[in-house]
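Take a look at the sequence and the model below. We will go through the model one group of residues at a time.

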Amino acid sequence: QVQLVESGGGLVQAGGSLRLSCAASENISRFITMDWYRQAPGKQRELAARINRGGGTNYADSVKGRFTISMDNAKDTVYLQMNSLKPEDTAVYFCNAKTPTEYREGASGSWGQGTQVTVTS
């Protein structure tokens, strides 16, 4: 199973920026979707941003216009550039990868361990 390692989280003031990285242990072109989810304390995990194999992207309404997801196939890494951060963006951010089979079957895919993002007001 693929190993996903997130990095780049930290403490930032409102209005600031962070860039998260998700490094995969194998070629990310085998995954049909690579996502960034986030989970705030006491809340359910939610999808923040998605990039598909063809480079198409989708964003949650709450992050649209502020976050940008991208991928570097040569480095097998997916990024999440987060700008204009708000206190409500505080959460643990998780990387997720799904193969075509996992996507079709509704399986959970592979998860990283998460990286904490804390935004202070």
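The structure holds two aromatic pairs. Rings of Phe, Tyr and Trp (its six-membered ring) count as a pair if their centres lie within 6.5 Å; planes under 30 degrees apart are stacked, planes over 60 are edge-to-face, and the rest are tilted. Phe-94 belongs to strand S9 and Trp-111 to strand S10 (residues 110-111), so the pair ties together parts that are 17 residues apart in sequence. Strands here are DSSP runs (E, at least two residues), numbered from the N terminus. Ring pairs also join Tyr-37, Phe-94 and Trp-111 into a cluster.

A word on the source. This is a predicted model, in which local features need pLDDT of at least 70, side-chain atom pairs count only at pLDDT 80 or more, and totals for chains, interfaces and linings use all residues. Residues are numbered from 1 along each chain as its sequence is written, and side-chain values use heavy atoms, with hydrogens and water left out.

Are they buried or exposed? Buried means under 20% relative accessible area, exposed means over 50%, and partly exposed lies in between (1.4 Å probe, protein chains only). Phe-94 is buried, with a relative accessible area of 10%. Trp-111 is partly exposed, at 31%.

Ser-110 is buried, with a relative accessible area of 3%. What does Ser-110 touch? Leaving aside neighbours within four places in sequence, Ser-110 is in contact with Gln-1, Val-2, Leu-4, Cys-95, Asn-96 and Ala-97. Contact means heavy atoms within 4.5 Å.

Now turn to the core. In soluble globular proteins, nonpolar side chains tend to be buried together. A nonpolar core is a set of buried Ala, Val, Leu, Ile, Met, Phe, Trp, Tyr and Cys residues joined through side-chain atoms within 4.5 Å. The largest one here has 28 residues, and Leu-4, Met-34, Trp-36, Val-78, Leu-80, Met-82 and Tyr-93 touch the most other members. Several strands each supply at least two residues of this core, among them S3 (18-24), S4 (33-39), S8 (77-82) and S9 (91-98). Tyr-93 has contacts that include Leu-20, Trp-36, Phe-67, Leu-80 and Val-117, not counting residues up to four places away in sequence.

Tyr-79 is found in strand S8. This residue is buried, with a relative accessible area of 11%. Tyr-79 and Glu-6 are 73 residues apart in sequence, yet 9.3 Å apart in space, C-alpha to C-alpha.

Next come the charges. How many salt bridges does a search of the whole structure find? There are seven. A salt bridge is a side-chain nitrogen of Lys or Arg within 4 Å of a carboxyl oxygen of Asp or Glu. Lys-98 forms one with Asp-35, with the closest N and O atoms 3.7 Å apart. That pair links strand S9 to strand S4, across 63 residues. Both Lys-98 and Asp-35 are buried.

Asp-89 lies in the loop between S8 and S9, and Arg-38 in strand S4, 51 residues apart. Asp-89 is buried at 1% relative accessible area, and Arg-38 is buried at 6%. Arg-66 also bridges to Asp-89, with the closest N and O atoms 2.7 Å apart. Bridges that share partners join Arg-38, Glu-46, Arg-66 and Asp-89 into one network.

Finish with two backbone angles. Asp-76 is not a glycine, but its phi is positive, near 50 degrees. This residue lies in the loop between S7 and S8 and is buried, at 18%. Ser-84 has a positive phi of about 50 degrees and is not a glycine either. Ser-84 sits in the loop between S8 and S9 and is partly exposed, at 41%.

Note on methods. Helix = DSSP H or I, 4+ residues; strand = E, 2+ residues; numbered from the N terminus.
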